[in-house]
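Good morning, and thank you for coming.

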2 protein chains.
Amino acid sequence: MTSNRKTLRVGLVQQACTDDAEINLRASEAGIRAAAAQGAQLVLLQELHTSLYFCQHESTELFDLAEPIPGPSSDFLGALASELGVVIVGSLFERRAPGLYHNTAVVLERDGRLAGTYRKMHIPDDPGYYEKFYFTPGDAQASSAGGGFTPIDTSVGRLGVLVCWDQWYPEAARLMALAGADLLLYPTAIGWNPQDVPEEQVRQRDAWVTIQRAHAVANGLPVLVANRVGFEADPSGQWPGSQFWGHSFVAGPQGEILAAAGTDPDLLVVDVDLARSENVRRWWPFLRDRRIDAYGDLVRRYRD
Amino acid sequence: MTSNRKTLRVGLVQQACTDDAEINLRASEAGIRAAAAQGAQLVLLQELHTSLYFCQHESTELFDLAEPIPGPSSDFLGALASELGVVIVGSLFERRAPGLYHNTAVVLERDGRLAGTYRKMHIPDDPGYYEKFYFTPGDAQASSAGGGFTPIDTSVGRLGVLVCWDQWYPEAARLMALAGADLLLYPTAIGWNPQDVPEEQVRQRDAWVTIQRAHAVANGLPVLVANRVGFEADPSGQWPGSQFWGHSFVAGPQGEILAAAGTDPDLLVVDVDLARSENVRRWWPFLRDRRIDAYGDLVRRYRD
């Protein structure tokens with residue numbers, strides 16, 4: 001039995017955002033510094049942490065928020081990664097070309113280098129979450145049939161970075177695991193419609209926790225989720241705004257919750273034992289028995 | 001909005017088994033009759049309910065437990081289905097040919113007809129669960145790239161019947177949902193190694209509940225799970241035996257628990273609102289956004 005622990009200390013920054021990018025980035029910086037001071041080797045930020053969650057309405061002016069990658073924010077995070085000697089996973093609004101934008105995660109190596117990017121593959125479009133207007137579905141590092149679902153190698157492991165809406169898709173988690181991801185990481189921005197009844201709000205958050213814990217179970221690896229907090233109004237007034245529910249968490253490879261935040265700004269610093277994944281996969285060898293001969297229809301829209 | 005309720009009353013029989021098939025089948029019958037008396041229209045039995053969970057060791061003599069389908073047990077269940085006017089989902093050890101056996105679910109229509117069968121697709125082989133010795137991986141109704149994962153049409157809906165180890169595979173649930181399944185049903189036989197510490201036992205059961213709730217979430221449909229209870233010794237003495245953990249449950253299409261049993265024999269009778277699946281899928285339209293252009297590697301063993 002592989003019993004040697006292989007501990008990775010991870011930090012998750014859960015923050016509220018404002019309409020001032022500088023303030024937001026400084027709040028992220030404070031969280032990253034605090035995590036590093038507590039020995040974190042890897043820090044995960046929430047989705048689109050430099051801005052409000054601007055997708056509550058559609059406005060061409062908001063494309064001004066986007067920036068190239070590499071660009072000012074990734075440079076800032078890279079400098080911080082280098083100074084502190086930590087790997088940082090951030091989430092930015094990427095301007096790739098005029099009229100071509102993505103929701104992109106960036107991974108900064110502890111030497112400050114941009115280790116890789118992941119462009120959000122599944123893009124939602126629902127009341128209050130008009131992302132299809134802003135973000136082209138991802139294709140980062142697409143070079144195979146699993147194109148776009150490519151983990152990023154770092155000094156702390158192979159990171160299966162996915163973003164928010166991706167978290168509802170078992171296919172995404174599986175493709176990252178099949179590519180050797182050691183961890184799954186989900187920068188997230190999800191909240192409640194304040195007009196929903198409390199029971200519905202509980203069901204939604206439970207579903208969100210449950211499906212991500214299940215990715216840990218199905219694939220025998222830890223899962224890290226960082227979500228924003230705070231109420232953000234819809235400037236257009238069409239939507240009652242979003243109450244972001246926080247609840248950032250870390251789950252082990254059996255889906256067990258190792259730590260979870262509440263609905264206030266918070267910093268989680270947690271030890272994850274990567275050697276445990278090896279043990280759990282020996283006990284529950286799900287990858288051994290996949291019926292790849294019978295999964296062909298997974299690439300169909302519907303089996304009708 | 002689709003607000004009309006479309007209620008289906010379901011019954012789940014959770015039982016302990018003995019080495020006497022007659023006693024076991026009578027216990028199932030009692031549960032089915034009680035469920036029908038309470039108005040259930042669909043009754044789910046646990047995995048291999050006519051016998052002990054015999055896969056704790058490997059013995060050629062145990063193939064004597066198998067029977068053809070149709071055969072005595074499916075005939076018995078069919079007669080009961082017809083008498084009571086309920087749809088019954090059973091789970092049998094199928095003898096298909098000399099040297100060719102399956103772990104097979106049977107669906108009996110309320111007129112007694114065999115509506116269809118499902119042969120367990122994912123077969124485990126772990127200490128105490130030597131199923132690869134007994135069961136050939138399934139191929140029931142295999143006629144397409146999703147061969148084997150074919151739901152069964154009945155008067156109460158299209159049933160996505162899967163069996164036990166299948167429950168750990170998001171691919172199986174997805175293929176059933178893509179084929180129009182209205183419900184997922186999992187006859188199950190899963191238990192603890194009595195020598196595991198309580199914390200490990202809790203983690204295992206939580207993982208099992210979590211991943212099946214997640215199938216409901218990912219696919220926007222209700223999930224029914226019937227598991228056995230009781231301690232069963234390993235006749236070979238190689239394994240400390242299995243303490244089957246019961247905890248049969250019904251989850252709605254957001255993964256919300258509608259009812260759950262404990263670790264004693266039990267009968268759950270629960271109203272499931274099938275119209276709610278339509279609503280939940282409108283709120284969370286995951287099927288809309290699947291990246292089928294990038295899922296090709298799901299049919300690979302590993303992306304190396």
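**Where the chains meet**

In this model, which is predicted, 46 residues of chain B are in contact with 47 residues of chain A. Which elements of chain B give two or more residues to the side that touches chain A? They are α4, residues 170-178, and α5, residues 198-219, both of chain B. The largest share of that side comes from α5(B), with 9 residues. Sorted by class, the side of chain B that touches chain A has 24 nonpolar, 9 polar and 13 charged residues.

**The sheet of chain B**

Let us turn to the sheet. Chain B has an open sheet of 6 strands, with mixed pairing, in the order β5-β4-β3-β2-β1-β15. Why is one side of β5(B) and of β15(B) left without a neighbour in the sheet? The strands β5 (114-119) and β15 (266-273) of chain B stand at the edges and have a single partner strand each, so one side of each has no neighbour there. On average, neighbouring strands of this sheet are turned by 30° against each other, direction ignored.

Helix α2 of chain B, residues 72-84, lies across β3 (87-97), β4 and β5 of chain B. Relative to β3(B), helix α2(B) runs at about 160°.

How values were computed. Residues numbered from 1 in each chain as written. Chains lettered and ligands numbered in written order. Predicted model: local features only at pLDDT ≥ 70, side-chain atom pairs only at ≥ 80, totals over all residues. Pairing = 2+ DSSP bridges. Helix = DSSP H or I, 4+ residues; strand = E, 2+ residues; numbered from the N terminus. Axes fitted to C-alpha atoms, helices over the stretch in contact; angles between N-to-C directions. Contact = placed C-beta atoms within 7 Å. Nonpolar A, V, L, I, M, F, W, Y, C, P; charged D, E, K, R; others polar.
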